[in-house]
Amino acid sequence: MNFIRSFNINCIRNISRLTSEALLKKHIIQPVYISKQIAYRKNSSYVSSVSTDPDAKLARDEQISDEIIGKINTHIKEKTHGRLFAIIHLHENRYKITNEDIIAVDAYFPANIGDKICLEKILLVGCSDFTLLGRPLLHKDLVRIEATVIEKTFIVPRPLYRHGRVGYKRLHWFRTPYTLIRINSIDFKHSLDELPEVEGLQDRVIY
């Protein structure tokens, strides 16, 4: 019995070893193939495009920046940029706008109905070809956004129920000012290489 048992155990071990070798044979990586690949790469004439010289990298970055700025200036001067959009900061809120948009400001606005205003807190302006980001705002003499106040009213009255000390219960009604502003136009005033060094403040009302 012991002989038969040991024979069966040895047969099972040999079968499992042969089966595992047959299954893993396809996945064994040949070291000769790896050595051939390494030798081919060492003897190849391929030169990496990444330069370790910081001056060369800086010169390359400046060249790319000049090319991009030149293309943007061409679009601005020839007015081939198409429809513009912008993100503005107005009364502690941000609005994404384009031409003929109407935005609602839930706050008191000093301008009267029919007044034309210029929105100068511009965070971003762009089109389908490029986008200019401010840090945090764009130059005031780069982009001009004109708008018109078309309506000033109040929102629907809202109830405010207050209670505090014993026997104190009050119901108050309040209305928040509501202003509608139409965006007339978004245009570039200057190209990127023609901006004045000093920002002027003449004839400006900043909101």
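This is a predicted model: local features need pLDDT of at least 70, side-chain atom pairs count only at pLDDT 80 or more; totals for chains, interfaces and linings use all residues.
How many bridges join strand β3 to strand β10, and in what sense do the two strands run?

**View 1. Strand β10 and its partners β3 and β7.**
Four bridges join β3 (residues 102–105) to β10 (residues 177–188), and the two strands run antiparallel. Look for V105, which stands opposite T179 of β10. Strand β7 (residues 143–154) also pairs with β10. This pairing is antiparallel too and spans 11 bridges. Within it, E146 has S185 of β10 as its bridge partner.

**View 2. Strand β1 between two pairings.**
Strand β1 covers residues 85–90. With strand β2 (residues 93–98) it forms six bridges, and the strands run antiparallel. H89 stands opposite R94 of β2. Two residues lie between the strands of this hairpin, where H91 takes a positive phi near 55°. Strand β1 is also joined to strand β5 (residues 122–126), by four bridges in the antiparallel sense. Here A86 stands opposite V125 of β5.

**View 3. The two faces of β1.**
Which residues of β1 lie on its covered face, and which on its uncovered face? A86, I88 and L90 make up the covered face. F85, I87 and H89 make up the uncovered one. The general rule is that side chains in a regular strand alternate between the two faces of the sheet.

**View 4. The largest nonpolar core.**
This core has 29 residues. Those with the most contacts inside it are I97, V143, I145, I181, I186 and F188. Helix α3 (54–78) supplies at least two of the core's residues, and so does each of the strands β1, β2, β3, β4 (116–119), β5, β7 and β10. Nonpolar side chains tend to be buried together in soluble globular proteins.

**View 5. The surroundings of I145.**
I145 is one of the residues with the most contacts inside the largest core. Which residues does I145 touch, leaving aside its neighbours within four places in sequence? Its contacts are A86, I88, I97, I117, C118, L119, I122, I183, S185 and I186. Of these, A86 and I88 belong to the covered face of β1. S185 is the bridge partner of E146.

**View 6. A salt bridge within helix α3.**
The whole structure holds three salt bridges. One of them joins D61 to K57, with the closest N and O atoms 3.4 Å apart. Both residues lie in helix α3, four residues apart, which is about one turn of the helix. D61 has a relative accessible area of 34%, so it counts as partly exposed.

D141 forms a salt bridge with K189, and their closest N and O atoms are 3.6 Å apart. The two are 48 residues apart: D141 sits in the loop between β6 (131–133) and β7, and K189 in the segment after β10. Is D141 buried or exposed? D141 is buried, at 9% relative accessible area. K189 is partly exposed, at 36%.

**View 7. The side chains of E146 and R144.**
E146 and R144 meet in a salt bridge, 2.8 Å from N to O. E146 is partly exposed, with a relative accessible area of 31%. R144 also counts as partly exposed, at 34%.

Y161, L171 and W173 make a nonpolar surface patch of about 390 Å². Y161 lies in strand β8 (residues 158–163).

Technical notes:
Residues are numbered from 1 along each chain as its sequence is written. Side-chain values use heavy atoms; hydrogens and water are left out. Patches are made of residues with over 30% relative accessible area and no salt bridge: like charges are joined within 9 Å, nonpolar side chains (Val, Leu, Ile, Met, Phe, Trp, Tyr) within 5 Å. Accessible areas come from the Shrake-Rupley method with a 1.4 Å probe; for residues, only the protein chains shown count as cover. A salt bridge is a side-chain nitrogen of Lys or Arg within 4 Å of a carboxyl oxygen of Asp or Glu. Two strands pair if DSSP finds at least two bridges between them. Buried means under 20% relative accessible area, exposed over 50%, partly exposed in between (1.4 Å probe, protein chains only). A nonpolar core is a set of buried Ala, Val, Leu, Ile, Met, Phe, Trp, Tyr and Cys residues joined through side-chain atoms within 4.5 Å. Contact means heavy atoms within 4.5 Å.
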